[in-house]
Amino acid sequence: MAGGPAETAAPVLPEGRYGTTRAKAPKRWRRWLFLAIALLVSGVIAWVAYVNLGSAPIDAERVAFSGEPGNAMEITINVTRDDNDRAGVCIVRVRDETGAESGRKELLIPAGAKYSRMTTTIKSIGEPVTADVYGCSYDIPRYLSSP
């Protein structure tokens, strides 16, 4: 059988009609470039995940809360930290029945034990229904620290 698929050759183009043909550039450098970019992007993603999703150095958990007269609420929190020698700050807040924040307070956590229990009263602009911990940090605002 003449002219079958095994005998087909590459077509020959007329000379000068389609311009010069380019030699195929080696693709090895493209693979290395892609690999380098992929490693760089993976490293950045891993670093961002570590910074944002790692365990917090200071953390608080609500233990109890109770309503007080005059649109106020008392909250008790347990604070856990990794560095006993550093003071910290925790932001606690109260919410109204719509879920909106109606009061907030920054609570100074003095240096001391790894585990601390703190109680404070938060004033609200309306009738509060719940209290919770917004977050904690070792970055203490200047107005909270003692001179």
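Modeller: A term first: a strand here is a DSSP run of E with at least two residues, numbered from the N terminus. Keep in mind that the model is predicted.

Colleague: Where does Asn71 lie?

Modeller: Asn71 sits in the loop between strand 1 (58-68) and strand 2 (72-81). Its phi is near 55°, a positive value in a residue other than glycine. Most residues other than glycine have a negative phi.

Colleague: Why is Asn71 called partly exposed?

Modeller: Buried means under 20% relative accessible area and exposed means over 50%. Asn71 has 33% relative accessibility, so it counts as partly exposed.

Colleague: How do you know that strand 1 and strand 2 pair?

Modeller: Pairing needs at least two bridges between the strands. Ten bridges join strand 1 to strand 2, so the two are paired, and they run antiparallel. Across from Glu61 stands Asn78 in strand 2.

Colleague: What makes strand 1 and strand 5 edge strands?

Modeller: The open sheet of three strands has the order 1-2-5, with antiparallel pairing. Strand 1 and strand 5 (115-123) each pair on one side only. Neighbouring strands of this sheet are turned by 20° against each other on average, direction ignored.

Colleague: Why is the contact of Arg93 and Asp132 called a salt bridge?

Modeller: The limit is 4 Å from a side-chain nitrogen of Lys or Arg to a carboxyl oxygen of Asp or Glu. For Arg93 and Asp132 the N to O distance is 3.1 Å, so the contact qualifies. Arg93 lies in strand 3 (residues 88-95) and Asp132 in strand 6 (residues 130-137), so this pair ties together parts that are 39 residues apart in sequence.

Colleague: What makes Arg93 buried?

Modeller: Its relative accessible area is 13%, and the cut-off is under 20%, so Arg93 is buried. Asp132 is buried as well.

Colleague: Which residues are linked in a network of salt bridges?

Modeller: Arg93, Arg95, Glu101, Arg104 and Asp132 are linked in this way. Glu101 meets Arg93 at 3.3 Å and Arg104 at 3.0 Å, N to O. The structure holds four salt bridges.

Notes: Residues numbered from 1 in each chain as written. Predicted model: local features only at pLDDT ≥ 70, side-chain atom pairs only at ≥ 80, totals over all residues. Heavy atoms only, no water. Helix = DSSP H or I, 4+ residues; strand = E, 2+ residues; numbered from the N terminus. Buried < 20%, exposed > 50% of the residue type's maximum accessible area, 1.4 Å probe, protein only. Axes fitted to C-alpha atoms, helices over the stretch in contact; angles between N-to-C directions.
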